[in-house]
Amino acid sequence: MTEDWDTVDKQQAAGNFFHLVKRLLWAVLRPQYGVWFSTVFLGLVIFLAFAGDSLVPHDPYDMTFMPLEAPSLKHPAGTDDLGRDVFSRVISGARISVSVGFFSIIIAAFIGMVCGLLAAQFRFLEGLLMRIIDALWSIPTILLAMAIAAAMTPGLKTVTVVIGFVYSPLFARLVYGEAVSVRERDYITAARSVGCSLPRILMRHMLPNLAAPIIVQATLVAGTAIVLESSLSFLGVGILPPTPSWGVLIREGYSWLEEAYWLSIAPGVAIYFTVVSLNLLGDKLRVSMDPRQREKRV
């Protein structure tokens with residue numbers, strides 16, 4: 001009986017995984033211009049994040065004798081007040097934004113899943129954890145992030161951890177709501193009746209059903225994480241110069257808006273299109289993975 005249950009359990013887990021992959025591929029490959037644009041642009045940003053140093057026309061830290069030069073063929077986005085090529089620094093800053101957006105969402109999703117699942121499975125922790133999460137989420141995100149970042153040493157690791165922490169309540173509330181609805185379903189009750197342990201129920205039965213909303217939420221929050229990193233760096237409590245973060249570049253160009261307006265245009269355009277692409281892709285994933293949304297769009 002136990003072996004038969006294990007076989008059915010593995011088949012169900014494999015079926016859930018392949019069904020999730022199928023829906024993800026359909027959401028991305030379906031011929032819609034917004035999705036194609038988002039996919040191509042994000043692929044370009046990720047490619048530049050990993051291979052940007054070998055593609056930039058100039059060293060992003062190299063200072064020349066041409067400060068505040070207007071955009072030209074040699075310097076497509078001009079140079080800053082120290083003569084550094086702005087276009088090369090924007091490409092180099094893609095690594096910072098991709099790293100912060102990716103790793104901060106992983107941290108937020110992990111903390112949120114742990115807190116949400118604990119609150120859903122253990123009734124004596126439910127009230128305490130959810131009240132703490134609600135209290136954290138009631139504080140404006142930028143103020144909470146600034147308060148925590150100001151008390152720590154500025155840098156890439158600090159910004160990533162801070163952003164992951166301030167967005168973890170969003171994932172915790174999502175996981176808690178989904179887990180509460182899943183924990184009373186028949187297959188969870190059947191798994192408990194045959195003696196499945198709690199870790200097995202969580203890994204084999206609950207998490208596969210929570211994967212789709214978590215992925216969609218992660219895609220939507222990644223854009224706001226990039227904006228929050230840029231905001232913290234602009235305010236001086238995030239990544240500090242001379243690291244070419246997009247927020248740092250906007251802060252450096254802010255002092256020269258009248259004389260050299262192009263300093264802030266290039267990083268601002270990069271942030272704008274990255275966030276818009278993530279939002280378009282996340283919205284498409286949300287519609288594709290929710291049958292009720294698909295029926296409304298038909």
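This is a predicted model: local features need pLDDT of at least 70, side-chain atom pairs count only at pLDDT 80 or more; totals for chains, interfaces and linings use all residues.
Trainee: What volume does the largest pocket have, and which helix gives the largest share of its lining?
Mentor: The volume of the largest pocket is about 700 Å³. α2, α3, α8 and α10 each supply at least two residues of its lining. The largest share is nine residues, and they come from α3.

Trainee: Which residues lie nearest the centre of the largest pocket?
Mentor: The lining of this pocket holds 25 residues. By class they split into 17 nonpolar, seven polar and one charged. Nearest the centre lie I46, G101, F102, A222 and L278.

Trainee: How many cavities of 30 Å³ or more are there?
Mentor: Take the largest cavity to start. Its space is about 60 Å³. The count of cavities of 30 Å³ or more comes to one.

Trainee: Which helix supplies the largest share of the lining of the largest cavity?
Mentor: The lining consists of D80, V86, R89, L249, E252, G253 and L263. The largest share is three residues, from α9.

Trainee: How many charged residues are in the lining of the largest cavity?
Mentor: Sort the lining by class. Nonpolar residues number three, and one residue is polar. The charged residues number three.

Trainee: Is L249 buried or exposed?
Mentor: L249 sits in helix α9. Beyond its neighbours within four places in sequence, L249 is in contact with R89, V90, P244, L263 and P267. Its relative accessibility is 5%, and the cut-off is under 20%, so L249 counts as buried.

Trainee: How far apart in space are L249 and I265, C-alpha to C-alpha?
Mentor: In sequence, L249 and I265 are 16 residues apart. In space, C-alpha to C-alpha, the distance is 9.6 Å.

Trainee: Which backbone oxygen lies 2.9 Å from a polar side-chain atom of T219?
Mentor: T219 is in helix α8. T219 is buried, with a relative accessible area of 14%. Not counting residues up to four places away in sequence, it touches L278, L281, G282 and L285. The backbone oxygen at 2.9 Å belongs to I215.

Trainee: Why does V237 count as buried?
Mentor: V237 is in the loop between α8 and α9. Leaving aside its neighbours within four places in sequence, V237 is in contact with M146, A149, A150 and L232. Buried means under 20% relative accessible area, so V237 counts as buried at 17%.

Trainee: How far apart are V237 and M152 in space, C-alpha to C-alpha?
Mentor: The two are 85 residues apart in sequence. Their C-alpha to C-alpha distance in space is 8.9 Å.

Trainee: What is the omega of the peptide bond from P241 to P242?
Mentor: P242 is found in the loop between α8 and α9. The peptide bond from P241 to P242 is cis. Its omega is near 5°.

Trainee: What is the phi of L68?
Mentor: L68 lies in the loop between α2 and α3. At 25% relative accessibility, L68 counts as partly exposed. Its phi is positive in a residue other than glycine, with a value near 55°.

Key. Residues are numbered from 1 along each chain as its sequence is written. Side-chain values use heavy atoms; hydrogens and water are left out. On a 1 Å grid over the protein atoms alone, a cavity is a set of points where a 1.4 Å probe fits but cannot get out, and a pocket is an open set with protein on both sides within 12 Å along at least five of seven lines; lining residues have an atom within 4 Å of a point. Grid points are joined across faces, edges and corners, and a volume is the space filled by probe spheres set on the points. Helices (H or I, at least four residues) and strands (E, at least two) are DSSP runs, numbered from the N terminus. Ala, Val, Leu, Ile, Met, Phe, Trp, Tyr, Cys and Pro count as nonpolar, Asp, Glu, Lys and Arg as charged, and the others, Gly among them, as polar. Buried means under 20% relative accessible area, exposed over 50%, partly exposed in between (1.4 Å probe, protein chains only). Contact means heavy atoms within 4.5 Å. A polar contact is a pair of N or O atoms within 3.5 Å; within protein, one must be able to donate a hydrogen and the other to accept it, and residues adjacent in sequence count only if both atoms are side-chain atoms.
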